[in-house]
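Please read them alongside the sequence and the coordinates.

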Amino acid sequence: MGAASQVFSIGCGAGFSGDRIDAALPVVRTLIARGGPACLIYETLAERTLAMAQLRRRQDPGAGYEPRLTEFLRPVLQLCLAHGITIVGNFGGANPAAAATRIAALAVELGLGTARIAVVEGDDLSGAAHREWLGAAIGQARIADAVVSANAYLGAAEIADAVRAGAQIVVAGRVADSALALGPAAAHYGWSFDDWDRLARATMAGHLLECGAQVTGGYFADPGFKDVADLAGIGFPIAEVDADGHCVVTKAEGTGGRVDTATVTEQL
């Protein structure tokens, strides 16, 4: 069976900035145990989060990426590189290049050698080069000078290109949340970016995954009315995406929470 004919599994390691650092390891172990092609995504950005990252970068040109970046990756980096699990994250925040540098240093620190890291840039419109455009967009040039953060939402195509080029880790800033899953899936199956039905289905899979434990019972839980077992140990989700973009949502083995029609429907 060719690689592209195998179901592609996508696990989620974080659903927001500062999320739990113990969530990804059970996901990665489950991906390894199940076998087959896989990737691990980290979704760590919101608009407020990105603005705060821009402020940190103003204070320190080497900062501005996810503060818990090394804490997120340290438990799983060796396993992912050893088992061919691609890591894709928007944990680059306001400074994807600096995040990539930090990840490269972590790989060396862990004795893993040189990791193949791709950086997706072009979303940041808050710099001086974009002030005239920003002022016109806002309608008041003086306000443009006070803007902390202005970013375009990039899509999945650049992520897919990076994966196809052999990147083991893809570091992005502001991309559409669902693009973190859609990009690797499109790269794996060779979808074109006008294959609308497949892209739409995998986009849905990305949205189900990107909020982490919400789809595994966190959003659904209403104790006494909608009970979820072991919320304290709730596991993070995995989507098994087929060649037509259809997905089955599961979760990390040996973890709490639940995944069923009700939890998936409510998150969707």
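This is a predicted model: local features need pLDDT of at least 70, side-chain atom pairs count only at pLDDT 80 or more; totals for chains, interfaces and linings use all residues.

1. Gly 93 is buried, at a relative accessible area of 4% (buried is under 20%, exposed over 50%, partly exposed in between, with a 1.4 Å probe and protein chains only). Gly 93 sits in the loop between β3 and α5; helices (H or I, at least four residues) and strands (E, at least two) are DSSP runs, numbered from the N terminus.

2. Residues are numbered from 1 along each chain as its sequence is written, and side-chain values use heavy atoms, with hydrogens and water left out.

3. Asn 90 also belongs to the loop between β3 (86-89) and α5 (96-109). Asn 90 is buried, with a relative accessible area of 0%. Its side chain reaches the backbone nitrogen of Thr 44 at 2.7 Å.

4. The search of the whole structure returns 1 cavity of 30 Å³ or more. A cavity here is a set of points on a 1 Å grid over the protein atoms alone where a 1.4 Å probe fits but cannot get out, and lining residues have an atom within 4 Å of a point. The largest cavity holds about 40 Å³, a volume being the space filled by probe spheres set on the points. Among its lining residues are Thr 44, Thr 49, Ala 53 and Gly 93. The lining divides into 5 nonpolar, 5 polar and 2 charged residues; Ala, Val, Leu, Ile, Met, Phe, Trp, Tyr, Cys and Pro count as nonpolar, Asp, Glu, Lys and Arg as charged, and the others, Gly among them, as polar.

5. Helix α2 (residues 47-59) has 13 residues and spans 19 Å from first C-alpha to last, close to the 18 Å expected at 1.5 Å a residue. That expectation is 1.5 Å times one less than the number of residues. The buried residues of α2 are Thr 49, Leu 50, Ala 53 and Gln 54. They lie on the same side of α2 because they cover an arc of only 140° around the axis, taken over the directions from the helix axis to the C-beta atoms. Exposed Arg 48, Arg 58 and Gln 59 are on the face turned away from the buried side of α2.

6. Asp 230 has a phi near 50°, a positive value in a residue other than glycine. Asp 230 is in the loop between α10 (196-209) and β6 (237-241), and is partly exposed at 47% relative accessibility.

Conventions. On a 1 Å grid over the protein atoms alone, a cavity is a set of points where a 1.4 Å probe fits but cannot get out, and a pocket is an open set with protein on both sides within 12 Å along at least five of seven lines; lining residues have an atom within 4 Å of a point. A polar contact is a pair of N or O atoms within 3.5 Å; within protein, one must be able to donate a hydrogen and the other to accept it, and residues adjacent in sequence count only if both atoms are side-chain atoms.
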